[in-house]
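Work through the exercises below in order, and try each task before you read its solution.

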Amino acid sequence: MSDLRELYHEVIIDHSKSPRNYRKLESANQSAEGDNPLCGDHLTVYLHVKDHRIEDISFEGSGCAISKASASMMTQHLKGKTKQEAEVAFEAFHQMVTGKGAEADIDQLGKLAVFSGVCDFPVRVKCASLAWHTLHAALEGKSEPTTTE
Ligand code: ZN
């Protein structure tokens with residue numbers, strides 16, 4: 001567990017300093033905005049979906065290191081996945097950060113497993129899951145801004 005904690009720190013710092021896929025996606029055909037008023041995190045997730053597959057994904061926004069790192073890693077994890085696979089990952093991630101994840105589900109999240117430590121910090125759970133809730137809204141084609149509240 002202490003290894004995972006150390007990795008958690010390294011990964012969060014790396015991704016928050018240089019977030020991957022951090023840009024507006026010009027070809028986006030689905031997008032959503034998300035807010036976490038508790039911490040002040042705000043981000044937009046852009047998707048280019050074709051034949052039920054996420055061809056491209058990006059995000060933009062501002063917030064704490066955890067919200068940024070989580071969004072960055074989410075985009076890496078989901079690029080090329082089908083919408084259905086993305087929904088499954090959303091569920092698995094949500095269960096994991098709230099401490100209810102089964103080991104098998106956590107395993108399939110790959111590198112995202114570093115966020116499993118977040119469940120010990122309830123305030124941070126919303127930071128880590130903001131990008132995923134926003135993604136969920138984008139996949140459902142919701143135009144209302146999503147909030148973690
Ligand atoms: Zn935050």
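**Exercise 1.** Does F93 count as buried or exposed?

*Solution.* The structure is a predicted model, in which local features need pLDDT of at least 70, side-chain atom pairs count only at pLDDT 80 or more, and totals for chains, interfaces and linings use all residues. Residues are numbered from 1 along each chain as its sequence is written, and side-chain values use heavy atoms, with hydrogens and water left out. Buried means under 20% relative accessible area, exposed over 50% and partly exposed in between, with a 1.4 Å probe and protein chains only. F93 has a relative accessibility of 0%, and therefore counts as buried.

**Exercise 2.** Find how the rings of F93 and W132 are arranged.

*Solution.* Rings of Phe, Tyr and Trp (its six-membered ring) pair if their centres lie within 6.5 Å, and planes under 30 degrees apart count as stacked, over 60 as edge-to-face and the rest as tilted. The centres of F93 and W132 are 4.8 Å apart and their planes stand at 15°, so this pair is stacked. W132 is also buried, at 0% relative accessible area. Y8, F93, F115 and W132 form one aromatic cluster.
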